[in-house]
Amino acid sequence: MTAGPRSAAGPASLRKDGTANVAPFGRVLVANRGEIALRIIRAARDLGIETVAVYSDVDANSVHVRAADLAVRLGPAPAGESYLRADAVLDAAIRTSAQAIHPGYGFLAERASFARAVEDAGLVFVGPSSAAIGSLGDKLAARRLAHEAGVPAVPGTLEPASVDRPDQVDAVIATAVEIGFPLLVKAAAGGGGRGMRRVERAEDLPAALAAGAAESASAFGDGSVYLEREIRPARHIEVQLLGDTAGTVVALGERDCSLQRRHQKLVEESPAPGLTPEERRELHEMAVRLARTAGLTNAATAEFLFDAQRRFWFLEVNTRLQVEHGVTELVTDIDLVREQFWIAAGRPLGADVIAAAEAAGSPRRHAIEVRIAAEDPARGFAPVPGRIGRWTMPSGPGVRVDTAVEPGNRVPPDYDPLIAKLMVADTTREGAIARLRRALDECEVTGIQTTLPFHRFVADHVGFAAGELSTDWVVEHWDPVATDLRSDALAVASRVAAAAVWAGAGHSGAAEAEQRDPARPSAWRQAGREAARDRWPR
Amino acid sequence: MASLSRRPLRVGPAVTASLPGDAVVDLSPDDALAVEPFGEGRWSLRDATGLDHTALLGEVLATKSGRLVEVVVAGWRFELAVDDAARADLVERAQRTNRAQRRGGPLEVRAIIPGRIMAISVAVGDAVAAGQQLLVVEAMKMQNELRAPRAGTVERIAPAIGDTIDLGDLLIVIG
């Protein structure tokens, strides 16, 4: 553990004017890394809360550690030996006298057992209760809750499908025929598409059930699967929810996250383009009803599919802060992490939140986020870890960048390849897209391939500008080879490379000796060795 | 290695970083007239339509045969192998010749150094033995003897005494 240099104000201090400036907590532990850890630490510090960071060995010198008042080492790089170690995280919180733990997203954020352990230790888990996480984390239970709340869930089963009873096969197939093909076999404990199987014909169903159950059992330790109609084409639209411990629940607008690849979101925006005020109100109202029925508190997101007939179908609830929460903040001007802390400390939702929720039916701003990741969009978005060289992120009016990356940083292969979230906002969607194009032009990254070419493509796309969104958008539109995007860039790059060599770049003379210590191995070679040593886990 | 300044260059993605269909191009200094340095590590290029492109120059490594250059354009990152075009030709021809030789075809002897032909020791139609002197090239004030890589008959002699030859120029064909 290292002590920070700052002497924080503490939980209760006096402002200059003599009024009490009471923070929701004296000290919180942030159980995450990267941009989200930094974002949470910033919100905490804005509230006068002392922060405790946790880190794995590869993150010891990272920005989130530096930003916190205290830092505790968890273990080696693999998440299973560091950020996923619930016992070590809780122990760190107890040893540093933290009163609350903010889990961020990913890692331990949706583990009901972790939330319960935090509660049992007398600490506050900044998020929904362990009971709510448990009941909503089971997708079948969530579907039953939606049914109870009168919210239409994607048509399908409400109970686990029988997988290994030959006498039940006919019954399962009869149910499937009723739902209609093609359908999806989904894991009750699932997420990220794991345990999911697409089935087009009845005769393929038994095998898909068995395979989905086996994959789900190995990934989540729970082999329960169920059937769901495949809704296609569809848009993915989700509602940001905030609920206090007094039972007040509000919807802070929706986000369209249709641009996905293999269930990984790439671009998100708020509000969802093209919804009528009635549709927007209906959507928010359904989400709030569901949250009330589930006894949901703190921050959560209800996900829906919006079909070609303009109907909403409930998909699932994420009981945590979302990666894309920032677009909602840009539209509503509400700091969601700050609200999370206040709610966790027991304060009722403030008048500003209530007012923002009331205004969410007719939003006056539009925000778009693109996820900049260390992935190669020409090679199926395969993760490409490495060392970042130049790193310049955009700024200026209407631009927000959430990142914890600095020039020279190594993007480790052990974690999610997300390195920055670029968000833009303006009064109109058109204006936001123009700002996105401008901001993308300001991005300068060398050393690793990123998803920036894809985002530039989206920002320039006529269909995207027209709001023609679908979860199949990426598959239908993104083909960097056919569109000559990459080859045009290669033609420019080749000329520049030649010009640089003619100008003497890399000449093994004095110029290079000045720039590089010959005893030090090249950054590329080093990065290559590092990449070879620890391949990406998937 | 020899300086690459002002010589035609062959540029294409390094083998480990290329995708099928990636173009390899030969560029002469004239092709770089529209390319200018634009601050530290940045270059600008004006294309035929008058549009300006900005490119980021990352790391440049010296390789055995040239340079490995990292360039990022419009978010696309390339690792480009930049080699002397004549030398790259030579390597390619040598590979072709090796294959041809294995098949017993004629052998092209090409200049492996630029310089001036000082002497020609054989005539068309002569039978030569492997290792026999073919001609003498002066380069950097040194006399370099060029010898037959294998036995055969001299089918063609391209240069004359006093000619200046460049890297990769055809000198002699042995049948």
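For 538 residues, a compact globule would come out with a radius of gyration near 24 Å, and chain A has 24 Å, so the two agree. Laid along its principal axes, the box filled by the C-alpha atoms of chain A is roughly 80 × 65 × 45 Å.

Chain B tells another story. A compact globule of 175 residues would have a radius of gyration near 16 Å, but the value for chain B is 20 Å. The C-alpha atoms of chain B take up a box of roughly 60 × 35 × 30 Å along the principal axes.

Here are a few figures for the two chains.

| Chain | Buried residues | Share of contacts (residues at least 6 apart in sequence) that join residues at least 24 apart |
|---|---|---|
| Chain A | 52% of 538 residues | 66% |
| Chain B | 30% of 175 residues | 44% |

**How the chains are divided**

Chain A comes in four pieces: domain 1 (2–126), domain 2 (155–229), domain 3 (234–477) and domain 4 (491–533). As for secondary structure, chain A has 19 helices and 25 strands.

Chain B splits into domain 1 (9–85) and domain 2 (106–174). Between the C-alpha centres of domain 1 and domain 2 of chain B, the distance is 35 Å. Chain B is built with one helix and 15 strands.

**A helix to zoom in on**

Now have a look at helix α12 of chain A, which runs over residues 351–359. Its buried residues are A:Val353, A:Ala356 and A:Ala357. Looking down the axis of α12(A), you'd find these buried residues within an arc of 100°, so they line one face of the helix. What's on the face turned away from that buried side? There, α12(A) carries the exposed residues A:Ala351 and A:Glu358.

And what covers the buried residues of α12(A)? The cover includes two strands of chain A, β12 (234–243) and β13 (249–261). It also includes two helices of chain A, α10 (325–332) and α11 (336–344).

**Where the chains meet**

The contact between the chains draws 35 residues from chain A and 40 residues from chain B. On the chain A side, the elements that each give two or more residues are β25 (444–445), α14 (452–460), α17 (485–502) and α19 (523–533). Which of them gives the most? That's α17(A), with 15 residues. Sorted by class, the side of chain A that touches chain B has 19 nonpolar, 11 polar and five charged residues.

**How confident is the prediction?**

The model as a whole scores ipTM 0.89 and pTM 0.85. For chain B, the mean pLDDT is 87, and 94% of the residues in chain B reach 70 or more.

Down in chain A, helix α12 keeps its buried residues on one face, with A:Ala351 and A:Glu358 exposed on the face turned away. At the meeting of the chains, the name to look for on chain A is α17(A), which gives the most to the side that touches chain B.

Terms used: Residues numbered from 1 in each chain as written. Chains lettered and ligands numbered in written order. Predicted model: local features only at pLDDT ≥ 70, side-chain atom pairs only at ≥ 80, totals over all residues. Buried ≥ 20, exposed ≤ 12 C-beta atoms within 10 Å, placed from the backbone. Helix = DSSP H or I, 4+ residues; strand = E, 2+ residues; numbered from the N terminus. Arc of directions from axis to C-beta. Contact = placed C-beta atoms within 7 Å. Rg over C-alpha atoms; globule rule 2.2 N^0.38 Å. Nonpolar A, V, L, I, M, F, W, Y, C, P; charged D, E, K, R; others polar. Domains from an automatic or database assignment. pLDDT = per-residue confidence, 0-100.
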